[in-house]
Amino acid sequence: MSVEIMVLTTSDEVNAGLRVFLRAMIHLPFHAIDATEITEPGRFLGALDGGEVVGGADSYTSRLVVPGGARVPHAAVTHVGVLPTHRRRGIVSALMARQLRDAAARGEVVASLRATEAVIYERFGYGVASSARSARVAVARARLRPEVPAGGTVRLVDREVTTELLDGVHARAGWTGAIDRPAGWWELRRRLREADQVPHYAVVHGTGGVDDGYALYQPRDIAGRPGGSERTVGVTDFVALDDGARAGLWRHLLSLDMVDTVEFDALALDDPLPLAVVDRRAVELGPARDETWLRLVDVEAALRARAFGEGEPVVVQVSDPLLPENDGAYEIGPKGVARTVAPPDLGVDVATLAAAYLGGTRWRQLAAAGRVDVHDPGAVRRLDVLFAVDALPFSGTFF
């Protein structure tokens with residue numbers, strides 16, 4: 001392959017990289033945005049053919065919340081694409097391999113992405129670590145149960161909404177799978193809201209004078225809607241730091257005038273909303289879809305960072321063709337993680353380990369699918385105890 005992989009540094013190069021991504025993702029609209037204002041210097045890789053940018057892979061500096069509440073250094077991978085004229089030449093493979101090496105050199109413990117296609121990224125060591133689903137709520141039937149917390153106060157911030165206000169809440173999100181939202185991510189969302197012809201609304205929830213949740217929403221299907229048709233509001237961003245904030249935001253959204261349906265774009269698979277209404281059929285859940293594709297860049301550091309349940313230790317052999325420094329056996333137990341030369345109880349590739357890492361996929365499921373090389377059948381059960389989590393992982397951030 002004669003294509004050169006390099007960091008895009010100049011404004012022209014970075015903008016060319018973003019144009020390649022938009023051209024590769026045919027369904028995405030072009031916007032008049034300077035790519036340098038929504039990207040991070042030194043992180044946009046480009047594939048150049050004769051001086052022309054023909055492929056790219058970008059990422060943001062971030063952190064990921066892992067089981068137990070620790071936040072680990074995290075590369076939020078985005079803007080991956082290759083021009084249609086340069087497909088099937090190994091360009092994406094070269095970009096992803098270089099990106100992983102760069103992430104490892106920066107000390108980033110994990111990387112994650114949102115996949116447009118589901119068959120591309122496993123070969124680079126990514127596994128599906130969290131899933132999400134949408135929900136449609138029939139407002140007329142969605143009466144909250146009397147036991148649901150009352151919540152605090154909700155204030156309208158349509159005109160005052162700022163990145164500082166929203167990120168001041170989201171930055172404290174501590175659920176497993178949450179990530180830091182970088183400045184470029186916020187700036188792009190702000191630009192897209194401003195360019196949208198549909199109005200956007202924002203509310204912030206507070207308890208005792210402290211902001212602890214917010215919701216962004218907008219009307220849907222308002223253009224050319226015939227009289228008497230269903231009036232729908234779409235919730236595009238819903239952040240609640242505790243049960244009280246969640247309940248307070250529910251009460252606001254389900255009490256909006258002239259609204260028949262409230263659509264939540266993304267909820268955790270175990271979100272309590274269906275259990276909070278008297279008529280649970282008022283909440284129509286969409287199918288589960290993959291959300292976080294996770295890559296363990298430093299396997300030992302990632303395993304050491306998360307908490308494990310009580311149980312007997314298990315020795316797991318890990319293979320990682322792209323980052324062979326991760327190859328080896330790891331003893332995983334409630335008291336910690338350590339490399340070992342002991343015989344393994346089972347073996348996995350790094351993508352399979354990533355799928356189980358946040359607790360969103362059980363080891364029993366992976367073993368049943370043939371993705372685990374089992375030497376000791378009891379080890380699978382022990383790993384499910386060690387990797388168990390109280391709530392399913394969920395990010396809620398698309399990038």
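**Phe399**

I started with Phe399 and looked up its contacts (heavy atoms within 4.5 Å). Leaving aside neighbours within four places in sequence, Phe399 touches Ala76, Val77, Thr78, Ser112, Leu113, Arg114, Ile179, Trp185 and Arg189. I found Phe399 in the segment after α10 (377-386); helices here are DSSP runs of H or I with at least four residues, strands are runs of E with at least two, and both are numbered from the N terminus.

Is Phe399 buried or exposed? I noted Phe399 as buried because its relative accessible area is 10%; buried means under 20%, exposed over 50% and partly exposed in between, using a 1.4 Å probe and protein chains only.

A reminder to myself: this is a predicted model, where local features need pLDDT of at least 70 and side-chain atom pairs count only at pLDDT 80 or more, while totals for chains, interfaces and linings use all residues. Residues are numbered from 1 along each chain as its sequence is written, and side-chain values use heavy atoms, with hydrogens and water left out.

**Tyr121**

I checked the UniProt record next, and its unreviewed entry lists Tyr121 and Phe399 under "active site". UniProt positions are given in the numbering used here, feature names are shortened, and annotations may be inferred rather than shown by experiment.

Tyr121 sits in the loop between β5 and β6. I have Tyr121 down as buried, since its relative accessible area is 8%. Which residues does Tyr121 touch, not counting those up to four places away in sequence? I got Val80, Met96, Leu113, Ala115, Tyr126 and Trp293. Leu113 is also among the contacts of Phe399.

**Binding-site entries**

Under "binding site", the unreviewed UniProt entry has a list that includes Val80, Arg88 and Glu117. I placed Arg88 in the loop between β4 (71-82) and α2 (91-105). Arg88 counts as exposed because its relative accessibility is 77%.

I then went to Glu117, which lies in the loop between β5 (110-113) and β6 (127-138). With a relative accessible area of 47%, Glu117 is partly exposed.

**Strand β14**

Last, I followed the pairing of β14, where two strands pair if DSSP finds at least two bridges between them. β14 (residues 314-319) runs antiparallel to β15 (residues 328-333), and five bridges join them. Opposite Val314 I found Ile332 in β15.

How many bridges join β14 to β17? I noted four, with β17 (residues 346-349) running parallel to β14. Ser319 has Asp349 as its bridge partner in β17.
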